[in-house]
Amino acid sequence: MVTHVPSEAHGDERGALLSFIEEQRGGIRRAVLGLTDEQASSRPSASELSLAGLLKHVVEMEQGWVARAKGEPAAVHRDESNWHECFRLVGDESVESQLAYYEKVAAETEAFIRAVPSLDDTFELPATSWNPKDEWLSMRWLCLHLIRETARHAGHADIIRESLDGRTAFELVAEEQRVAAGS
């Protein structure tokens, strides 16, 4: 744990879940702190993963899952023909534009989760190549999935960032605090 998630108000399960999602988003955002697009797009290991690619992927992932829960199509349709593009910047995309989009997606996620009548409400996830059968998922499951998926990639981001310049998650938290304080 690099940052502390404050306790929710008594009985505010939504607030607790949203706080944990936000904590993990912070790990992704901090991993690109102070890097150029070129640095963030570099791949310092045998893996194809880059910080820019992880950022783009988690933004698309969160937006797509919330869209599914709303019964809407994802903003970007991914399939076998373009899956590779969700892990790298293409065209005029930049780290800055992905961070701005992440802020928008995060606000939409928060508004949606706060507005659903119950975390027990469900949405249908149709069968896909990665999900072999139709199933109904709760809004609670959605929040937990966003935490799990974002945390997994935040861990990848920690390793990649440290491989790039030796900066650890703790150093990046301190840097983020300095930037926020205007020093």
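How many aromatic pairs does the count come to in this structure? The structure is a predicted model, in which local features need pLDDT of at least 70 and side-chain atom pairs count only at pLDDT 80 or more, while totals for chains, interfaces and linings use all residues. Residues are numbered from 1 along each chain as its sequence is written, and side-chain values use heavy atoms, with hydrogens and water left out.

The count comes to 2 aromatic pairs. Rings of Phe, Tyr and Trp (its six-membered ring) pair if their centres lie within 6.5 Å; planes under 30 degrees apart count as stacked, over 60 as edge-to-face and the rest as tilted. Trp-65 and Trp-141 form a tilted pair, with 5.3 Å from centre to centre and 55 degrees between the planes. Because Trp-65 belongs to helix 3 (residues 51–70) and Trp-141 to helix 5 (residues 139–165), this pair ties together parts that are 76 residues apart in sequence. Helices here are DSSP runs (H or I, at least four residues), as are strands (E, at least two), numbered from the N terminus.

The other pair joins Trp-83 and Phe-87: the ring centres are 6.1 Å apart and the planes stand at 70 degrees, so the pair is edge-to-face.

Buried means under 20% relative accessible area, exposed over 50%, and partly exposed in between (1.4 Å probe, protein chains only). Trp-65 is buried, at 7% relative accessibility, whereas Trp-141 is partly exposed at 32%. Trp-83 is also partly exposed, at 45%.
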